[in-house]
Amino acid sequence: MTAENPSTPLTYDQAGVNYDLIDPLKVAAQRAAAQTGAHLASHGFSEVGASRGESAYVVDVGPMYLASIVECLGTKTLVADDMAKLTGKSYYDGIAQDTIAMAVNDLITVGATPLVVQAYWAAGGSDWFGDKVRANALVAGWKKACDVCNVAWGGGETPALAGIVADGRVDLAASCTGIISPKTRLSVGDKMGPGDAIVLLASSGIHANGLSLARKLAERLPQGYLTEITPGVTYGEALLAPTVLYSPVTEALAAAGINPHYCANVTGHGWRKLLRHPKQLTYRITQVPTVTPVLAFMQRECQLDDQEAYGTLNMGAGFALYVAAGDAQRVVEISKSLGIDAIIAGRVEAGPKQVVIEPLNVVYGADELQLR
């Protein structure tokens, strides 16, 4: 690994990810997909139109709602593979949790209880599956994450795709299906409004978004992934901290009679994701969480200002809950009781569609997140 010049800032665009090019395709796909919703009527069902453009799709099946999602892990496996070469260790138990978290953490935003997870493990060739240590770690980590989320692992697909997936690499994805029952648990933002509190649940690190930037940074560090960022912890190890699974929190909230008015999984687009709902509302943040060491290191070494950092990375907040102000403190207490730190970060106000992070003097406008 060769070091790059550290004197110039390193942005997400430079790492090869440009949402200005990606998002228009997503919007076009959503518009085409919306035209197919009417097919459900022939089966006696109907879609929940408000779920179009949300993190999970919801269908009304009568006594309950059915929710579903499919998500790809992305490039975090490349970090695991490089670290395996450097350390001789396998990190695929954590990678498995990352993959399930990408799907489950999206599914729960609409108020769903996850029921079934399916696996998609596409390798660059059959030889990938021959590494017993890596394969066993992937299976064990997948099963453990299912246990945490209380979901059934229904099955999956393990194709060898030479010529499509690079040799020696794997593309991981998961789908998840769940139910919203009772129907009052549905969370698509219709109840969200001025006066609601915004509760942020802590992240464990970079999670599974921003890895293209993280890998690019490793190329310019003289010691690469083995750079120590805190005593005894290397950059590569910190990047591979598994993504937090937030479904135990949302299930505990439901058991306590607390139904969030809206939720956002803080993944790609960073804190701009707080703008996800189309309502014209201002999300005023008055307190920010502690930034995890690996993200603080990335911001410093990439020379990202707060506007860029919080608009790209989760910066310590992995999940956002928009709840009635009177429920906010209880939400924090329940999350902490499950080992996930949380803060009441701000409030929803009437006003233009924007996120205002007051302590950092950062503002994201409506034009900065176009997902519908």
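Colleague: Which residues have the most contacts inside the largest nonpolar core?

Modeller: Trp142, Tyr235, Trp271, Met298 and Tyr322 do, in a core of 109 residues. Helix α3 gives the most to this core, with nine residues. This is a predicted model, in which local features need pLDDT of at least 70 and side-chain atom pairs count only at pLDDT 80 or more, while totals for chains, interfaces and linings use all residues. Residues are numbered from 1 along each chain as its sequence is written, and side-chain values use heavy atoms, leaving out hydrogens and water.

Colleague: What makes a set of residues a nonpolar core?

Modeller: The members are buried Ala, Val, Leu, Ile, Met, Phe, Trp, Tyr and Cys residues, joined through side-chain atoms within 4.5 Å. Buried means under 20% relative accessible area, exposed over 50%, and partly exposed in between, with a 1.4 Å probe and protein chains only.

Colleague: Why is Met315 called buried?

Modeller: Its relative accessibility is 0%, so Met315 falls under the 20% limit. Met315 lies in the loop between α9 (306-310) and β12, and its phi is near 50 degrees, a positive value in a residue other than glycine.

Colleague: Is Asn150 buried or exposed?

Modeller: Asn150 has a relative accessible area of 69%, which is over 50%, so Asn150 is exposed. Asn150 is in the loop between α4 and β5 and has a positive phi of about 60 degrees, although it is not a glycine.

Colleague: Why is α3 described as largely enclosed by the rest of the structure?

Modeller: Because 15 of the 16 residues of α3 are buried. Helices here are DSSP runs of H or I with at least four residues, strands are runs of E with at least two, and both are numbered from the N terminus. Helix α3 covers residues 92-107.

Colleague: Where is the kink in α3 centred?

Modeller: On Ala101, with a kink of about 30 degrees. The bend at a residue is the angle between axes fitted to the seven residues ending there and the seven starting there.

Colleague: What puts the buried residues of α7 on the same side?

Modeller: In α7 (residues 247-255), the buried residues are Ser247, Val249, Thr250 and Leu253. They cover an arc of only 160 degrees around the axis, which puts them on the same side of α7. The arc is taken from the directions from the helix axis to the C-beta atoms.

Conventions. The expected span of a helix is 1.5 Å times one less than its number of residues.
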